[in-house]
Amino acid sequence: MLSSAKKTILALAFFSLFTACSQEKVSLNKFYGADASYFNGLLALRDKDSEAAQKYFFRSAKKGSYWAARKSMKQLCLMGDVQERIKRCSEYLKKYNDDDAKLFVCREFLADKEYARAIESTDDIDLAVCDNNLAVLRLQALDKKKDSRFDKSVYDWFTQRRISDIHYEFYKQNARDELEEIIADASPNGPQLSDFVVNSEFALQFRIAIYRGNYNAAYEMYEQIRALTIEQNAIPITWQLVADMGRACVYGNNEDIKNAKYFEELAASVWKDKRINYYAMIYSGLLYNKNDNYRRRALKQFEAALALAGDEGERDQALWYYLQSCLKISTEEAVAGLQKYAASFSQKDYFDDFFDSLSVLLFSGGKWDLFQKVLDAIKGHSSQATLSKYAYLTARVLQSQTENADADKITEAYKCAAATDPGTYVYYKLLAAKELGYSAGDIDKMFFEPKNLSPLEPEKVSMEQALSARKLLLGYADFGLGECIYDDWKFFFDMDKKIIDLATVERLSDFLRQMANDQNDYYSKSLRMIARSANLDGIQISRKAFELLYPQNFLDYIKASAKEFEVDDYLMFALIRTESFFEPAIQSHAGAIGLTQLMEATASDCAKRLKVQNYNLLDPATNIRFGTYYYSHMKKRLDDSGVLALFAYNAGITVVRRWIRSSKIELNSQGQLWSDMFLETLPFAETRDYGRRVVSAAAMYAWLYDGKNPCDIVNELM
């Protein structure tokens, strides 16, 4: 017998697929029941029929499943006169008393100038952990009511958690400006400024200086912060202030050993909040680590921090610093550190960047024999992506040894790389499959052979709420409310990554892709949804999911440009996917524009060569044509090498030629340079990752849509 939860899941999956084919045969209203009233209410709002919308929302709020009822009640809070809205907000908060509910009603109370209600609704929040936007609303309400708790609340919010963009905006617009006004207005008979306000403002300025990277300015404030918090107890000391004092010393001053000893003493003191001890020890280690003669002392500090760690996150952080410190001593020391501590990793992908740095140093230092030791140390302990990488590189290194090469060990390592489950990060799986000589059938088996996986259960909500969330999102698709899907999916994903199962995400992602065009961002939203969901541990990825992960968006434009410049279209799909995630209007911080992320200067040069006078890089057809031409031009200049052309596209051809010369020295290559090994020696992590992503994506596109063996594509490019 199926449980009611499993029956609901199967019904949702069946209905969503069925209605996509035949809306006329099945009544949406009948299937969704009371929840249908929520979707009909949204459609009524779209048609500007607020009276009908209210009726629908009332019905769903009373009889709908958890999320439809909750969102219907939320809609009702926005309707009616002021008194009705206030009453409904109070009822909503009483029924759903969590941070999201408080954030919503507090925003409405402030809009209606109900400051006392906003304060009352947030009296029980913890400023150290609550939503930052909710904290801002509470502070604004306290400020409007001239509540005496305002100054202390601002201090707590700024010093008990990491500084965010929201803190900085609040600081610029509220706290700092108000303080300057009070100082300006101060007189013997006027408002007086308490010592706490002055001192806490100084602490806020210190934290903001660290947040903005003004470490020299922060270090100038360091002694006074120490005095105010630790020596005079004029303002409360927090672990965040200790961490920022550490950053000021590490990055803003060179008295490393003196400061390291101070933090070591601080860590030895007794503090109520043990995080103060932990971060004091961490920064003692970081300061010792700046001096070559104290690296061993730094290792001891990080090991001491391990003992002080209060949770898995702090333990991973201390281990990461320990391994990075080992790496500064030698690669042998780093491998020894892995052998000692790899089994202690909690969040396995937290260490991926360390492993990336380690592999580069192993190659550049000629320590190829250490790859096998790393692989042996991390099996079962690292992320699947890292395991795949080191298994492949170990096999490749063994294979390069023309004398005494162990064929069985090489094959074993390649099979290990191919058998890993790194989500969408399939580069080393494909390289290993190529070396193993996998056929197209073997590739299908490698990706799609059923795994004995337990269903993912949500961790932070009940299964009832999870099913209601899935039903809500599928309802958006079935009722044609695509504009609601992405934001609500992201809300659920941020709440608990396991609420929405992959089958539901496939349906939603496909729906958004079908709705996408040149003028909206549904292509990129569709891709982001499926990419984040498919990368969760314990996921069985279907062929449909892979097609959504590697979609043929802008198909006509890409095929036309690929044909014009004699470039494989699967390569351009891969390049665009990697560069922009198919978002036509995206612009990078460096100024790269559009789907193929071209700089203005590059585009101008392309336009001259193509004899185009007027152009718009935000136009998909133009952007794709220019980007395809530029890639083909790089390829011709680099001996028709696909992978070198990709690197040149990302970093520039002059830089790539310099890298080739350097890599031949590091790899002792006098003749042809192995492209896969060349990639591993590139000095920039961004470019290494770029190459891996484009090559693997090109192979996947050719496999999914052209029926080609992806191993052949990898072989062509590499």
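Glu231 is exposed, at a relative accessible area of 52%, where exposed means over 50%, buried means under 20% and partly exposed is anything in between (1.4 Å probe, protein chains only). Its partner in a salt bridge is Arg226, with 3.7 Å between the closest N and O atoms. A salt bridge here is a side-chain nitrogen of Lys or Arg within 4 Å of a carboxyl oxygen of Asp or Glu. Arg226 is buried, its relative accessible area being 13%.

A quick word on the model: it is predicted, so local features need pLDDT of at least 70 and side-chain atom pairs count only at pLDDT 80 or more, while totals for chains, interfaces and linings use all residues. Residues are numbered from 1 along each chain as its sequence is written, and side-chain values use heavy atoms, leaving out hydrogens and water.

Searching the whole structure turns up 46 salt bridges. Another of them pairs Glu435 with Lys434, the closest N and O atoms sitting 2.9 Å apart. Glu435 is partly exposed at 25% relative accessibility, and Lys434 is partly exposed too, with a relative accessible area of 21%.

Then there is a pair within a helix. Asp510 and Arg513 join their side chains in a salt bridge of 3.1 Å, N to O. Both residues belong to helix α28 (residues 502–515), and they are 3 residues apart, about one turn of the helix. Helices (H or I, at least four residues) are DSSP runs, numbered from the N terminus. Arg513 is partly exposed, with 24% relative accessible area.

Salt bridges can also link up into a network, as happens with Asp356, Lys389, Glu680, Arg688 and Arg692.

Key:
Helices (H or I, at least four residues) and strands (E, at least two) are DSSP runs, numbered from the N terminus.
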